[in-house]
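Dear colleague,

Please find below the structure that I am handing over to you. My findings follow it.

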Amino acid sequence: MREYPHECCGLLIGSSEGDRKTVTDLRVAENQRHDSLRNRYLIDAGFIFRIESDLRGSGKAILGFFHSHPDAPARPSVYDQEHAWPWYSYLIVSVKQGKPADTTVWQLKQDRSGFTEEAFEVSTVEVS
Ligand SMILES: [Zn+2]
């Protein structure tokens, strides 16, 4: 909502066991795409390396990425497919007229031919 009508982006951080990922932390990243912010996002590689080194030894890791689709469906675009990596989860929030709408999570197929939608659940988080 804060970045609308531009795309927001960031990292999903937590732990994984087998196929199950548990995201406990979100790190908002600055969108490095300044040319066409409305439908593209780019996260600085240095930002990702810094977070990875901060997480070393913590038992947590980068599990995936989140970004928004302003006034567009919560489905991966061709650009998303071209820039995705296997294994990571890609959470997409559709933001319509400035308000969050659908949220979906995707994983790139190993052969990069498309995405598989992942099931997810949101637990209540207590903020102290
Ligand atoms: Zn996208």
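In which sense do strand E1 and strand E3 pair, and over how many bridges? The model is a predicted one, and in it strand E1 (residues 9-17) and strand E3 (residues 61-70) pair in the antiparallel sense, over six bridges. Within this pairing, Cys-9 has His-67 in E3 as its bridge partner.

Helix H1 (residues 45-55) packs on the sheet and touches E1, E2 and E3. The direction of helix H1 makes about 140° with that of E3.

As to the sheet itself, it is open and has six strands, in the order E2-E1-E3-E4-E5-E6, with mixed pairing. Strand E2 (20-29) and strand E6 (115-118) are the edge strands, each of which pairs on one side only. On average, neighbouring strands of the sheet are turned by 35° against each other, direction ignored.

I turn next to the nonpolar core. The largest such core has 16 residues, of which Cys-9, Leu-12, Phe-65, Tyr-90 and Leu-91 touch the most other members. Two or more residues each are given to this core by E1, E2, E3, strand E4 (89-96) and strand E5 (99-108). E1 provides the largest share, namely four residues.

Which residues does Tyr-90 touch, leaving aside those up to four places away in sequence? With that exclusion, the contacts of Tyr-90 are Gly-64, Phe-65, Pro-76, Asp-80, Ala-84, Val-105 and Trp-106. Of these, Phe-65 is also among the core residues that touch the most other members.

With kind regards

Methods:
Residues numbered from 1 in each chain as written. Predicted model: local features only at pLDDT ≥ 70, side-chain atom pairs only at ≥ 80, totals over all residues. Pairing = 2+ DSSP bridges. Axes fitted to C-alpha atoms, helices over the stretch in contact; angles between N-to-C directions. Contact = placed C-beta atoms within 7 Å. Core = buried A, V, L, I, M, F, W, Y, C linked by C-beta atoms within 7 Å. Buried ≥ 20, exposed ≤ 12 C-beta atoms within 10 Å, placed from the backbone.
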